[in-house]
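Reader: I would like to go through this model with you, beginning with the chain as a whole and then turning to individual elements. Could you take my questions one at a time?

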Amino acid sequence: RSKNGKNDDSIRRYKTLRRGAIAAAILLLIGGAAIYTYWLVPIREQAGARVLVEKGNALLQAGQTMKAIDHYSRAIQLDATSVLAHNGLGMAYRGAGDFPRAERYLRRAISLDSGAVETYNNLAIVYAEGGRLREAEATYRKALTIDSTSAVMRFNVGAFYAQVGSYAAAAEHYKRAIELRHDLYQAHNNLALAYIALGNTGDAVTEFQTSIRLNPRQGRAYYNLGLALEEQGNYETAVAHYRKALGNGLDNPDVHYHLGLALEGLRQQMQAKAQYERVLSLDSAHKEAHYRLGLIAVGQANFKDAEEFFTAAIDIDPQYADAHYNLARLFMKQGSRDAATREMELFRSMSAYNREVESIERILLYLPRDSKAHLQLGQIHEKYQQHDRAIASYRMALSIRPGFQAARQALSAVLEMSESR
């Protein structure tokens, strides 16, 4: 070839190489953009979503429900596949009382991860609180088919059955939770409470003791154990446990009252009196403390104080049968036969009512948030025409379980009856 021909070839090769380099650069640029768009951006957004979820969790725990909803919603905008964000949003709506939305987001979380046992647990809670008990039970059973070895899940199922008053079923799940994890002190404590509801005080004492051994800083467990020991007549040990309850942060009128009862069982009247006076300093409307102080005053032949204490108890609760009975005896001792006869007639008219009330109040001593027991108490009040008390009991049941249809129907019926009178 001529010299000029060789130069032409060189020029063509150079142009070809340059076009190739430009094309490669363009491809690299496009590919880099794709990587940034489809890989780096999602990673950045997922990280942002995780931060929002963590903040939402903290807000929900602090009781700032609406702010938590906002954070979870923004997390979902960044990452629509976040199971944690959907789960958190569902529980936030549950906290706001919006059960339909809670269910929607929890179901979405399950659709994103069908093996998320915690989400099934949360959905079951929403169903239970919304009064959809069959669906709650079915959802718990589904969770157990996914993971039957979770002690915490067994515990939660037990808590569900206890909530609806099925204490035998609750006990079986608590026992299974303990088999899976013996150090789960909450399961021992709740098993003890189930035993109490089933009338098995002996086994309840054993479970309370085990729970306390595993976690010695449970004020409520010491109190419950004291109640069980008091029922058994073991007053000395009951006194020790009531004092431990007080020492572990449970300083309330009921602990002081039962400490007083146990001290009376040990014939330590003056120490018992001091506890009842402490009760009244915390709650002047504590009818039982007035009543016990009346009995102590009778024992000291201080009839004037005794009459005042019995009368104060009756002023607080006109249906207090035992106060009427002891006031009648006091009047008889003082020679006031007409007053004694009147009080004794009142006692006889209300003694059956009081016996029925006391049978339910025993359960509520241990389980103050037993919605079924509050419903039963309301039904007893209604049976004996104590409509205001019935209304209060039904409302308490609903405050514990907003979806409790039996309590809602009973409340509507008694309110309608009261309005028509």
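Reader: Among contacts in the protein chain between residues at least 6 apart in sequence, what percentage join residues at least 24 apart?

Author: The model is a predicted one, and its protein chain holds 21 helices and zero strands. When the contacts between residues at least 6 apart in sequence are taken, the share that joins residues at least 24 apart is 47%.

Reader: What percentage of the residues in the protein chain is buried?

Author: Burial here requires a relative accessible area under 20%. Of the 421 residues in the protein chain, the part that counts as buried is 45%.

Reader: Where on helix α2 do the buried residues lie?

Author: Helix α2 covers residues 65-78 and reaches 20 Å from its first C-alpha to its last, close to the 20 Å expected. Its buried residues are Thr65, Ala68, Ile69, His71, Tyr72, Ala75 and Ile76. Viewed down the axis of α2, these buried residues fall within an arc of 165 degrees, so they line one face of the helix.

Reader: Why does Thr65 count as buried, and which residues does Thr65 touch?

Author: Thr65 belongs to helix α2, and with the cut-off for burial set at under 20%, Thr65 counts as buried because its relative accessibility is 16%. Leaving aside residues up to four places away in sequence, Thr65 touches Leu60, Ala92, Gly95 and Ala96.

Reader: Which residue just after α3 takes a positive phi?

Author: The phi angle in question is about 80 degrees, and the residue that takes it, just after α3, is Gly97.

Reader: How are α10 and α11 oriented to each other, parallel or antiparallel?

Author: Helix α10 (residues 201-214) and helix α11 (residues 219-231) pack with their axes 9 Å apart, at an angle of about 150 degrees. The contact draws on residues including Val205, Phe208 and Ile212 of α10 and Tyr222, Leu225 and Leu229 of α11. The crossing of α10 and α11 is left-handed. Since angles over 145 degrees count in this way, α10 and α11 are therefore roughly antiparallel.

Technical notes:
Residues numbered from 1 in each chain as written. Predicted model: local features only at pLDDT ≥ 70, side-chain atom pairs only at ≥ 80, totals over all residues. Heavy atoms only, no water. Helix = DSSP H or I, 4+ residues; strand = E, 2+ residues; numbered from the N terminus. Expected span 1.5 Å × (residues − 1). Buried < 20%, exposed > 50% of the residue type's maximum accessible area, 1.4 Å probe, protein only. Arc of directions from axis to C-beta. Axes fitted to C-alpha atoms, helices over the stretch in contact; angles between N-to-C directions. Parallel < 35°, antiparallel > 145°, perpendicular 65-115°, else oblique. Left-handed = near helix turned anticlockwise from the far one by under 90°. Contact = heavy atoms within 4.5 Å.
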